[in-house]
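Work through the exercises below with the sequence and the model open. Each task is followed by a solution in steps.

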Amino acid sequence: MKISTSQLYDSAITQMNRQQSNVAEMQAKLASGKSLVKPSDDAEKATLIQRLNSAMQRQDLYELTLDRADSRLRMEETALSSAQNMLQRIRELAIQGSNGGLSNTDRTVIANEVSSLRDALFSLANTEDEGGNFIFSGTAVGTPAFSKDADGVITYGGDQNQTSVDISEYRQVELNRAGDAVFSSVSRTNNDGEVNTIGFFKVISDFADALESGDEATVSQGLSEISTLTDDMALSLADVGSRMNTVDSQRDILADSRLRYQELLSNAEDLDYATAVTKLSAQMLSLEAAQASFAKISQLNLFNYLR
Amino acid sequence: MVDILSIGAGATQLYRSALSTVSNNIANMNTEGYTRQVSTSEQNVPVPQGGMYIGNGSRLGDVARAFSEFNESNLRNSSSELGTQDPLIKYADRIVDVMGSGTSSLSSAFDQFFSAASNLSGDPASRALRNLYLRDAEGLAARFRELSGQLSNIEQDTQAEINLKLTSLNELGKQLFTVNQQLAKKATLNGQPPNLLDKRDDILRDMAEIAKIHVTHSDSGTVEVRLDNQNGTPVVDSLRSTVFSATFDVTQPGQVEILANVYGAASPTNSVTGGSLGGLLNFRSQALAPAVTGLNELAVITATEINTLQTTGVDANGERGTDLFNVDVVTTGAAGFTLLQSDPLKVAAAGLLKITGGALNSGVATLNYGDIVAGVATPAFTINFAAETGYDINGAAVAVDANGGFTFEGINYTFTGTPADGDSFTVGLNASALGDNRNMLLMARLQDKATYADGRSMGEGYLDLVRKVGNTSALAKISQDALQAVFDQAVMEKDKLSGVSLDQEAADLIRFQQAYQASAQIIQTSTKMFDSILGIR
C-alpha cells in the first residue's frame with residue numbers, strides 16, 4: 001500500500017504528540033500524588049471522592065461535637081460532685097443536729113453552717129459556662145437557674161427542656177439536665193394530710209430554721225428529706241457519668257469509622273506509585289521508540305540514491 | 001510513411017509533460033488539499049502500410065487528478081462524525097471540572113454549611129457560632145451564584161462558537177458558489193483546472209467539519225450541497241448559497257434554533273447534524289441544559305428546605321424566624337440565590353413551640369409536636385384532659401387520632417405516657433429558650449434528608465448532576481476513539497490514491513527521465529538515418 005510522504009510525517013507527529021501528552025499526564029499525576037489530575041479525567045471517581053470527603057468531614061464534625069459534649073458534661077460533673085459533697089456535709093450536720101443532747105449554741109452553729117452551705121449550693125446551681133450561659137436553666141440559658149426574691153425565697157427560673165446533640169448519625173447524647181431535676185424537690189405531707197412539693201433550697205432552709213428553733217420533729221423530717229436530696233444528687237451524678245461513658249465509647253467507634261473512610265478515600269484518591277512509575281517508563285520507552293524510528297524512517301527516501 | 005523524427009519529437013514532448021507533472025507533484029507535496037496528478041499517454045493513430053499498421057508514436061492523453069468521489073465523501077462523513085464529539089467533550093469537561101472540583105463544587109459548600117449548623121446545635125447560645133453559621137450560609141449562596149455564573153459563561157461561549165461556525169459555513173457557501181460558477185463555464189470534468197477542483201473539495205471538507213453535508217456532483221464538476229441528506233436544507237445550489245443564523249433562549253440553553261435563509265426569508269431548519277456545529281447543539285441539549293435545570297432545581301429545593309426550617313423555629317430574640325434565603329430563587333434560579341439575614345440573633349436555632357404541663361398535673365404524660373410545615377401560624381392554646389369527656393381546647397372536644405395524639409391548626413401533637421384526669425398542657429411560642437437547639441439539629445440533619453421527590457439528599461442530587469455531565473463526556477470520549485480510527489482509515493484510503501509519495505515520484509522521475517533520454521535518442525537516430533541518406537555519393 002502506498003503511504004504518502006506528508007501522511008508519513010503527519011501520523012508520526014500525531015503519534016509522538018499523543019505519547020508526549022500521555023507522559024505529561026502521568027508526570028502530573030506523579031507530581032500531585034493523586035490519581036485524578038482534574039475531575040473530568042473520571043467524573044464518576046471525582047464524585048466518589050467528593051462523597052467520601054463529605055463523610056470524612058462529618059467524622060471530624062462528630063469528633064468536635066464529642067469534644068464539646070465532653071467538656072460540657074465535665075463542667076456539669078464538677079458542679080454536681082461539689083454539690084454532692086456539700087449535701088453530704090449537710091447530711092452529717094443533720095445527723096449531728098438530730099442528736100437530742102445539743103445545746104442551743106451548738107445548734108445555732110450547725111444551723112449557720114447549713115445556711116452558708118445552702119448559699120454555696122445556690123451559687124453552684126447558677127453555674128455559668130464559658131459563654132456566660134447558665135448550665136442548669138434547661139434551654140432558657142439566658143435566665144439564672146435559681147433566683148432569690150426579697151423574702152429570700154428561691155425559685156427555679158429555667159425550663160424543663162433538655163438539649164441533645166448528634167454524636168453519630170444514629171446516636172444522640174443529652175448535654176444538660178433541667179436545674180429543678182438536679183436540685184430536686186421532695187414531697188412533704190403537712191398536718192392536714194396535704195401533699196406539697198417542697199423545693200431543694202426550701203428543704204435546707206426549713207432544716208436550718210428548725211435547728212435554730214429546736215423543733216426536733218422538723219429536724220428529723222429534715223434529715224430524711226436531705227437524705228432524699230443526697231440520693232437524687234447521686235443519681236444525677238451517675239447520669240452525667242453514664243453520658244460521659246457514651247461519649248467515650250462513641251469516640252472509639254468514631255476512630256474506627258474515620259480510619260475506614262480514610263482508607264476508602266486513599267484508595268479512591270491517591271496514586272498507586274508503583275503502577276504509575278512502571279506505566280511512565282513504558283510510556284517514555286514508546287515515545288523514545290517513536291522518535292528513534294521516525295528519525296530512521298524519514299531518512300529512507302529514493303532521492304537519497306539519485307546522484 | 002512513418003516519420004521517426006516526429007515520433008521522437010512527440011515522445012520528448014510527452015515525457016517533458018510527464019516530468020513536469022511529477023515535478024508539480026513533488027513541489028505540492030506539502031500543499032494542503034492538493035490532489036496528486038497523473039499524466040497518461042495515448043498511442044497515436046497508426047499509419048496503414050501495405051495491409052499492415054505501423055505505430056505512429058504517442059502523445060499526452062490526459063493529466064488527471066488521482067481522485068475518488070467515494071473516498072472523498074467517506075472522509076467528509078467521518079470527519080463530520082468525529083467533529084461532533086470534540087465540542088461535547090471540551091465543554092462537558094469544563095462543566096465537570098468546575099462542578100466536580102473539591103474547592104469550587106457545591107458539595108464542599110454544603111459540607112461547610114451543615115457543619116456550621118451542627119456546630120451551632122452544640123452551643124446554640126453562642127454568638128460566634130451563629131456568626132459562623134451565617135458566614136457559611138452566605139458561602140453556600142455565593143457558591144450557587146458562582147456555579148450558575150460559570151454555567152452561563154459556558155452558555156455564552158458556546159453561543160459565540162455556534163455563531164462563529166455559522167459565519168464560517170456562510171462564508172464557505174459563498175466561496176463554493178463562486179467556484180461552482182467558474183466550473184459551470186466548461187461542460188465536462190476533463191476540461192476543469194485541477195486546482196479549482198481541489199479548491200472545491202477543500203471547501204466541502206471544511207463544510208463537513210462544521211456539519212454533516214450531502215453532496216451531489218454534476219457532469220461538469222459543480223456541486224449541490226444540502227445539510228444531512230438529500231432532503232436536507234440546501235446550503236449551495238446552482239442559484240444561491242444559503243445564509244444561516246441562530247437564535248438562542250438564555251433560559252432554555254437546550255433550545256437553539258438554526259435559521260436558514262434560502263429563499264429570502266429565514267425559516268428554522270432541523271437538519272443540522274454532526275460536525276462541530278452538531279456537537280455544540282448536542283452539548284447544549286445533552287449536558288448544559290440538564291446541568292442548568294438541575295442546578296436551578298437544587299437551588300429551589302435548598303432554599304425552600306432551609307427556609308422552611310428557619311421559619312418554623314425561634315431566633316435568639318425569642319421571635320419566630322424569617323426566611324434565610326431569597327425565595328425569588330424559584331424564578332431567578334441559582335443566579336438569584338442570596339442570603340437575606342445578616343443579624344446572627346435572627347438565626348432560628350430553637351424549636352417553635354414550648355409545651356408546658358399544668359402546675360397541678362398529676363400524670364406523667366408529656367406532649368410533643370411533630371414536623372411543622374412552612375407558613376403554619378404559631379399556635380397558642382391549652383388542652384385539658386378529663387377522664388370522662390376526653391380532651392378539649394377552650395371547651396371544644398378534640399378528636400384523638402390512631403396514635404393517641406391529635407392535630408390542631410395544622411400541627412400534629414403526640415403524647416408520651418398517659419395523662420391523668422385534670423391534666424392540662426399549654427402550647428405556645430418558645431419565646432425564651434436561647435439554649436434550645438432543636439431546630440438547628442433538624443437543620444444539621446437536613447444534609448441527609450430525602451429532599452428530592454425520588455429520595456435523594458441535596459448532596460446526592462448535586463453529585464448526580466456532575467455524574468450525568470461526566471457520563472455525557474465519557475460516552476463522547478469512547479465514541480471519539482472509535483470515530484478517530486474510522487477517520488484515520490478514511491484519510492489513509494484517500495491518501496493512498498490522492499497523496500504524494502516521494503518514493504513514487506522519485507521512481508516516476510527516473511522512469512520518465514529515462515524515457516525522455518530514450519526519446520531524444522530517437523531524434524538522434526533519425527538524424528543519423530537522414531545523414532546516412534545524405535552521405536550517399
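D228(B) sits in the loop between strand 6 (223-227) and strand 7 (234-236) of chain B; helices (H or I, at least four residues) and strands (E, at least two) are DSSP runs, numbered from the N terminus. The model is predicted: local features need pLDDT of at least 70, side-chain atom pairs count only at pLDDT 80 or more, and totals for chains, interfaces and linings use all residues. Residues are numbered from 1 along each chain as its sequence is written, while chains are lettered from A and ligands numbered from 1 in the order in which they are written.

**Exercise 1.** Find the phi of D228(B) and decide whether the residue is buried, partly exposed or exposed.

Solution. Step one: phi of D228(B) is positive, about 65 degrees, although the residue is not a glycine. Most residues other than glycine have a negative phi. Step two: count the other C-beta atoms, placed from the backbone, within 10 Å; 20 or more means buried, 12 or fewer exposed, and anything in between partly exposed.

**Exercise 2.** Describe the surroundings of T338(B).

Solution. Step one: T338(B) is placed in the loop between helix 7 (329-332) and strand 12 (350-351) of chain B. Step two: with 16 other C-beta atoms within 10 Å, T338(B) is partly exposed. Step three: leaving aside residues up to four places away in sequence, T338(B) touches A141(B), F325(B) and N326(B); contact requires C-beta atoms, placed from the backbone, within 7 Å. Step four: from T338(B) to D328(B) the C-alpha distance is 9.1 Å, at a separation of 10 residues in sequence.

**Exercise 3.** How many residues of chain A are in contact with chain B, and which element of chain A gives the largest share?

Solution. Step one: 39 residues of chain A contact 46 residues of chain B. Step two: helix 1 (5-32), helix 2 (43-97) and strand 3 (164-166) of chain A each give two or more residues to the chain A side. Step three: helix 2 of chain A provides the largest share, 13 residues.

Notes: Contact = placed C-beta atoms within 7 Å.
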